[in-house]
Amino acid sequence: QVRLVESGGGSVQAGGSLRLSCAVSRYTYLRYCMAWFRQAPGKEREGVAAIDTAAGTTSYVESVKGRFSIFEENAKNTLYLQIDRLKPEDTAVYYCAAHSGGCQTWSLTTDLHFAFWGQGTQVTVSQ
């Protein structure tokens with residue numbers, strides 16, 4: 001069982017930055033696809049960034065490329081999402097998620113394969 005606990009959300013003005021953290025406990029498998037999803041009010045949950053823990057490769061949904069950066073700090077068992085140049089449309093609950101095995105090309109297109117989820121952290125961006 002993998003336990004994920006997010007933190008770092010908050011209310012910021014457009015143009016600002018936030019760094020979300022996801023503390024990961026008890027890796028059971030050697031390789032995971034770790035990802036950040038978000039869910040805005042009235043919308044479906046969407047994947048925004050993923051990292052393959054073995055290969056180190058990252059992927060992003062087109063709408064966040066250049067502004068979001070996913071990375072991990074293995075010594076602290078922590079996954080991060082750096083968000084720069086925040087926009088009001090980034091307002092959402094952000095979730096950390098994981099599934100065993102490496103990331104696939106479809107990993108960000110569906111949340112169905114992610115077995116482990118955090119509780120979410122709210123990000124609110126105002127004009």
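Biologist: Hi! Where does Gln-82 sit?
Modeller: Gln-82 is part of strand 8 in this predicted model.

Biologist: And is Gln-82 buried or exposed?
Modeller: Gln-82 counts as buried, because its relative accessibility is 15% and the cut-off for buried is under 20%.

Biologist: Which side chain does the Gln-82 side chain make a polar contact with?
Modeller: With the side chain of Asp-84, at 2.9 Å. Leaving out residues up to four places away in sequence, Gln-82 also touches Ser-17, Leu-18, Arg-19, Arg-67, Phe-68, Ser-69 and Phe-71.

Biologist: Nice. What is the strand order in the open sheet of four strands?
Modeller: The order is 1-3-8-7, and the pairing is antiparallel. Strand 1 and strand 7 are the edges, each pairing on one side only. On average, neighbouring strands in this sheet are turned by 20° against each other, ignoring direction.

Biologist: How many bridges join strand 3 and strand 8?
Modeller: Six bridges, in the antiparallel sense. Ser-21, for instance, stands opposite Tyr-80 of strand 8.

Biologist: New topic: how many residues are in the largest nonpolar core?
Modeller: That core has 28 residues, and those with the most contacts inside it are Leu-4, Met-34, Trp-36, Leu-79, Leu-81 and Tyr-94. Several strands supply at least two residues each, including strand 4 (32-39), strand 8 (78-83) and strand 9 (92-100).

Biologist: What does Tyr-94 contact?
Modeller: Beyond its neighbours within four places in sequence, the contacts of Tyr-94 include Glu-6, Leu-20, Trp-36, Phe-68, Leu-81 and Val-123.

Biologist: On to rings! How many aromatic pairs does the structure hold?
Modeller: Five. One of them is Tyr-95 with Trp-117, edge-to-face, with 6.3 Å centre to centre and 80° between the planes. Tyr-95 lies in strand 9 and Trp-117 in strand 10, so this pair ties together parts that are 22 residues apart in sequence.

Biologist: Why is the pair of Phe-114 and Trp-117 called edge-to-face?
Modeller: Because the planes of the two rings stand at 65°, with the centres 6.2 Å apart, and planes over 60 degrees apart count as edge-to-face. Phe-114 is buried, at 5% relative accessible area. Ring pairs link Phe-37, Tyr-95, Phe-114 and Trp-117 into a cluster.

Biologist: Last one: what is the phi of Asn-77?
Modeller: Asn-77 has a positive phi of about 50°, though it is not a glycine. Most residues other than glycine have a negative phi. Asn-77 sits in the loop between strand 7 and strand 8, and is partly exposed at 33% relative accessibility.

Biologist: And what about the phi of Arg-85?
Modeller: Arg-85, not a glycine either, has a positive phi of about 50°. Arg-85 lies in the loop between strand 8 and strand 9 and is partly exposed at 47%.

Technical notes
Residues are numbered from 1 along each chain as its sequence is written. This is a predicted model: local features need pLDDT of at least 70, side-chain atom pairs count only at pLDDT 80 or more; totals for chains, interfaces and linings use all residues. Side-chain values use heavy atoms; hydrogens and water are left out. A nonpolar core is a set of buried Ala, Val, Leu, Ile, Met, Phe, Trp, Tyr and Cys residues joined through side-chain atoms within 4.5 Å. Buried means under 20% relative accessible area, exposed over 50%, partly exposed in between (1.4 Å probe, protein chains only). Contact means heavy atoms within 4.5 Å. A polar contact is a pair of N or O atoms within 3.5 Å; within protein, one must be able to donate a hydrogen and the other to accept it, and residues adjacent in sequence count only if both atoms are side-chain atoms. Two strands pair if DSSP finds at least two bridges between them. Axes are lines fitted to C-alpha atoms, for helices over the stretch in contact, and angles run from 0 to 180 degrees between N-to-C directions. Rings of Phe, Tyr and Trp (its six-membered ring) pair if their centres lie within 6.5 Å; planes under 30 degrees apart count as stacked, over 60 as edge-to-face and the rest as tilted.
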